[in-house]
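Please read these notes with the model open beside you. They go through some parts of the fold one at a time.

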Amino acid sequence: MTSKSQNLLPEENLTLITGATGSLGQELLYQILQARPQSHFLVLARSGSKKQSGGAEKRVKAILRKHLSGEELEDAWQRVTVLEGDISEQYLGLSSQLYSQVAERLEQVIHSAAAVRFDQPIEEAREINLEGTRRALDLARLAQRSGNKVRFDYIGTAYIAGKRKGVIYEHELEHRQPFHNTYEQSKYEAEIMVRAYRDELPLTVYRPSIIIGNSRTGETSNFKAFYWPIRVYAMGQMKMLPGVANCKIDLVPVDFVASAVIELSGRKDTENGCYHLTAGRENLITLREIMNAAISFFKVKPPVLIPPALLKIAESGLGRFLLNEHTYKTLTLGRPYYPYFALKLQFDNSQAVKALAGSGIKAPPPRQFFERLFSYCVETDWGRKQAPEVADKNEKEVLDVAGMAGTV
């Protein structure tokens, strides 16, 4: 695989992908290279270190090597140009000259980059999720003004619904309910901003629910969110869990989400649409089912479920007195995730199902591949055995479970 200078852009029309080193972006990049064999892709990626020259290119190469080898790998690499940049910076971290060159050749932006953290101050969350999206939009708008017809595909989240209850539909957006965290809020604000450009740019919005590993291989590069309670189960540290046993949780495998985005983003009839890339209300799985699957696989004792309303008491001085230090620390570390174990909403995905009909793309029931997910966790020691270049660095750790394990 030969190195290519980001200053030598191909002449043909280009598709820019942001967030390609994230957990969803990795799958998206691999699949789109297979699905569009005649297309050339620009991949915007950070170096990973300010002192490391060429780090972005190395990270993208490592991602492709996970799936491809030999001639397939060489062919794919010839159709990828890595742009070392950052959506948090002016001109996406590119030189003004390169930025203009990209705009002159651009025909599509698939914006996947995001800071998937629940514990950030709102201004920090906005810097990536809102302002980063604005910068990606600015590039698409410049390309449009340069005479190109540019499409903008935005990957948001179904959880912009915040603390709403009941059934959430794809055509719905604005509401006055609060949010569980700054991630939800900043993504909500970003989608409102994106939609404001509907008259200027053809755009499509995708709202995945909770993304988990590959349904066929179990592979993931992100061991947070869904994986956090599973991991502490396996370590024998989850003694108590705030949640509702019959709470229905919406889980979708990363390969389904990537396939759906590629299919829908390649069709004109989906322009200006909004699609819930969710499990479907018939495929929702309860918290109790997830717990039982993990307990059965890892051969551990079940935690005690407590009503979420008791969490404040459990974390208070009284709770610390009544609980052992081990249980208290575990309980406190998991706080960002507990709201998702007691939600009272469901996502209607009728428009997505209709649009994907005939494509063969459908979210599989997660209970069918839980064992694959858990096996991959064990095989990679919860990501520790993954190559550093492949591990998801865009989505920073919210909780350091391994560090916690050494201190309690």
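This is a predicted model: local features need pLDDT of at least 70, side-chain atom pairs count only at pLDDT 80 or more; totals for chains, interfaces and linings use all residues.

1. The largest nonpolar core. In general, nonpolar side chains in soluble globular proteins tend to be buried together. Here the largest nonpolar core has 48 residues, and Phe-226, Ile-230 and Leu-251 touch the most other members. Two or more residues each come from β8 (210–212), α8 (227–234), β9 (240–242), α10 (287–298), α11 (311–315), β15 (345–347) and α15 (370–379). Helix α10 gives the largest share of this core, 6 residues.

2. Around Leu-251. Which residues does Leu-251 contact, once neighbours within four places in sequence are left aside? They are Ser-209, Ile-210, Ile-212, Phe-226, Ala-279, Ile-285, Ile-290, Pro-366 and Phe-370. Another core, of 40 residues, lies apart from the largest one; Leu-29, Ile-110, Ala-258 and Leu-356 are among its members.

3. The structure holds 20 aromatic pairs.

4. A stacked pair. Why is the pair of Phe-223 and Tyr-376 called stacked? The ring centres are 6.4 Å apart and the planes are at 5 degrees, so the pair is stacked; the cut-off for that label is planes under 30 degrees apart. Phe-223 belongs to the loop between β8 and α8, while Tyr-376 is in helix α15, 153 residues apart. Both Phe-223 and Tyr-376 are buried.

5. An aromatic cluster. Phe-223 and Tyr-376 also belong to one aromatic cluster, together with Phe-226, Tyr-227, Phe-297, Phe-298, Phe-370, Phe-374 and Trp-382.

6. Cavities. How many cavities of 30 Å³ or more does a search of the whole structure find? It finds 3. The largest cavity has a volume of about 60 Å³. Its lining consists of Tyr-159, Ile-210, Lys-248, Ile-249, Asp-250, Leu-284, Tyr-340, Leu-343, Leu-345, Gln-346 and Phe-347. By class, that lining has 8 nonpolar, 1 polar and 2 charged residues. Strands β10 (248–249) and β15 each supply at least two lining residues, and β15 gives the most, with 3 residues.

7. The lining of the second largest pocket has 8 nonpolar, 1 polar and 6 charged residues.

8. Two residues with positive phi. Neither Lys-299 nor Trp-382 is a glycine, but Lys-299 has a positive phi of about 55 degrees and Trp-382 also has a positive phi of about 55 degrees. Lys-299 is in the loop between α10 and β14 (304–306). Trp-382 is in the loop between α15 and α16 (401–405). Are they buried or exposed? Lys-299 counts as exposed because its relative accessibility is 69%, whereas Trp-382, at 11%, counts as buried.

9. Ser-112. This residue is in the loop between β4 (106–111) and α5 (122–129). Its relative accessibility is 12%, so Ser-112 counts as buried. Beyond neighbours within four places in sequence, Ser-112 is in contact with Thr-18, Gly-19, Leu-24, Gly-25 and Ile-155.

10. Gln-185. Helix α7 (residues 182–195) contains Gln-185, which counts as partly exposed at 24% relative accessibility. Not counting residues up to four places away in sequence, Gln-185 touches Ile-122, Arg-126 and Phe-179. Arg-105 is 80 residues from Gln-185 along the chain, and their C-alpha atoms are separated by 33 Å.

Note on methods:
Residues are numbered from 1 along each chain as its sequence is written. Side-chain values use heavy atoms; hydrogens and water are left out. A nonpolar core is a set of buried Ala, Val, Leu, Ile, Met, Phe, Trp, Tyr and Cys residues joined through side-chain atoms within 4.5 Å. Buried means under 20% relative accessible area, exposed over 50%, partly exposed in between (1.4 Å probe, protein chains only). Helices (H or I, at least four residues) and strands (E, at least two) are DSSP runs, numbered from the N terminus. Contact means heavy atoms within 4.5 Å. Ala, Val, Leu, Ile, Met, Phe, Trp, Tyr, Cys and Pro count as nonpolar, Asp, Glu, Lys and Arg as charged, and the others, Gly among them, as polar. Rings of Phe, Tyr and Trp (its six-membered ring) pair if their centres lie within 6.5 Å; planes under 30 degrees apart count as stacked, over 60 as edge-to-face and the rest as tilted. On a 1 Å grid over the protein atoms alone, a cavity is a set of points where a 1.4 Å probe fits but cannot get out, and a pocket is an open set with protein on both sides within 12 Å along at least five of seven lines; lining residues have an atom within 4 Å of a point. Grid points are joined across faces, edges and corners, and a volume is the space filled by probe spheres set on the points.
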